[in-house]
Amino acid sequence: MRPALPVGLKLGVTLRYLATGDDYTSLHYDFRVSVPSISRFVPKVLKAIIQVYKDEYLHCPRTPEAWKEVADGFSRRWNYHNCLGALDGKHVPIRRPPHAGSKFFNYKKFHSIILLALADSGLRFIYVDVGAEGGAGDAGTWNRCTLQQAIESGALSLPDDTCLPHDDTPCPTTSARRVVENAFGVMQRKFKVFGVTQGILPATVRDVVTTCCILHNMVVTPAIQPAEIDHEDEDHNIVPGSWREGETLMADLAPARGNNPSRRAKAVRDYLANYYTSEVGAVPWQERLVYPRGRPQDAE
């Protein structure tokens with residue numbers, strides 16, 4: 001009987017696959033392991049990483065106090081208050097599965113599964129939903145994900161609405177998109193597997209994406225460099241992060257069409273817009289960036 005492949009070798013092949021996006025044939029020449037063996041053990045290693053590390057490195061806050069810590073992080077880092085996470089989604093390209101029809105075919109004209117993620121202010125993912133068919137838009141994906149269901153049922157133990165600083169109107173929690181865009185970008189830069197079209201089954205792609213999110217959370221805090229993400233210069237101008245220079249096949253979700261926001265959503269939007277342009281919510285330099293030539297009425 002041929003001896004089993006060492007566990008360290010299997011882990012090394014799997015991590016190389018995630019980091020480089022090399023196909024199994026290339027990995028075969030690099031590690032001198034047969035393609036059939038690689039195709040069998042890579043999915044098992046992915047599942048083992050998820051089983052062992054997901055609860056430790058990829059989980060939602062479970063108490064109001066833990067959610068408030070997330071909100072405090074957005075207040076300190078981004079001057080954005082009452083924010084419990086930044087939510088966005090990406091299409092992860094795959095080859096069309098057998099007999100799948102157009103189920104995975106998205107508005108960008110390629111087949112994909114969807115990664116929907118919630119990130120905290122430190123670019124760590126605190127929730128991911130992976131595997132929705134690419135044909136779904138952002139609204140459809142959101143309405144079917146477990147996070148939406150947990151919010152509607154009250155299972156997340158979210159904190160009560162609180163007033164924004166220097167204001168006496170209770171405001172619900174909100175989100176900031178640029179943060180999660182940076183989280184996606186940093187992860188894509190570290191794991192080149194997102195730069196190739198996956199020729200494996202959607203279930204295995206789901207494990208690939210989940211594993212990358214876990215490994216991202218393991219290394220993002222100590223390893224991230226300021227220049228990697230969007231940041232401000234001395235004059236508070238936004239400087240694009242270096243992750244934007246790389247190529248990726250991941251695409252944004254299609255915006256929802258024909259769905260009008262509720263009155264409550266419109267009221268929150270208008271309230272936040274007024275708050276962050278008022279004396280109590282604005283920062284000293286924002287008008288200079290929004291109106292570099294002065295306010296329209298001032299220029300007349």
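Lys109 counts as exposed, because its relative accessibility is 62%, where exposed means over 50% relative accessible area, buried means under 20%, and partly exposed lies in between (1.4 Å probe, protein chains only). The model is predicted, so that local features need pLDDT of at least 70 and side-chain atom pairs count only at pLDDT 80 or more, while totals for chains, interfaces and linings use all residues. Residues are numbered from 1 along each chain as its sequence is written, and side-chain values use heavy atoms, with hydrogens and water left out.

**The chain as a whole**

- The chain has 11 helices and 8 strands, where helices (H or I, at least four residues) and strands (E, at least two) are DSSP runs numbered from the N terminus.
- Of the 300 residues of the chain, 41% count as buried.
- The accessible surface of the chain comes to about 17,200 Å², and 52% of this surface belongs to carbon and sulfur atoms; accessible areas come from the Shrake-Rupley method with a 1.4 Å probe, and for residues only the protein chains shown count as cover.
- Among contacts (heavy atoms within 4.5 Å) between residues at least 6 apart in sequence, 67% join residues at least 24 apart.

**The loop between β1 and β2**

- Lys109 lies in the loop between β1 (86-93) and β2 (112-119), and Lys109 has a positive phi of about 75° although it is not a glycine.
- Lys103 lies in the loop between β1 and β2 as well, and Lys103 counts as partly exposed because its relative accessibility is 45%.
- Leaving aside neighbours within four places in sequence, Lys103 is in contact with Glu133, Gly134 and Gly135; the C-alpha atoms of Lys103 and Glu133 are separated by 6.1 Å, although these residues are 30 residues apart along the chain.

**Helix α4**

- Helix α4 (residues 64-78) has 15 residues, which at 1.5 Å a residue should span 21 Å, and this agrees with its end C-alpha atoms, which are 21 Å apart; the expected span is 1.5 Å times one less than the number of residues.
- In α4, the residues Trp67, Val70, Ala71, Gly73 and Phe74 are buried. They lie on the same side of α4, because they cover an arc of only 150° around the axis, an arc taken from the directions from the helix axis to the C-beta atoms.
- On the other side of α4, Glu65, Glu69 and Arg76 are exposed.
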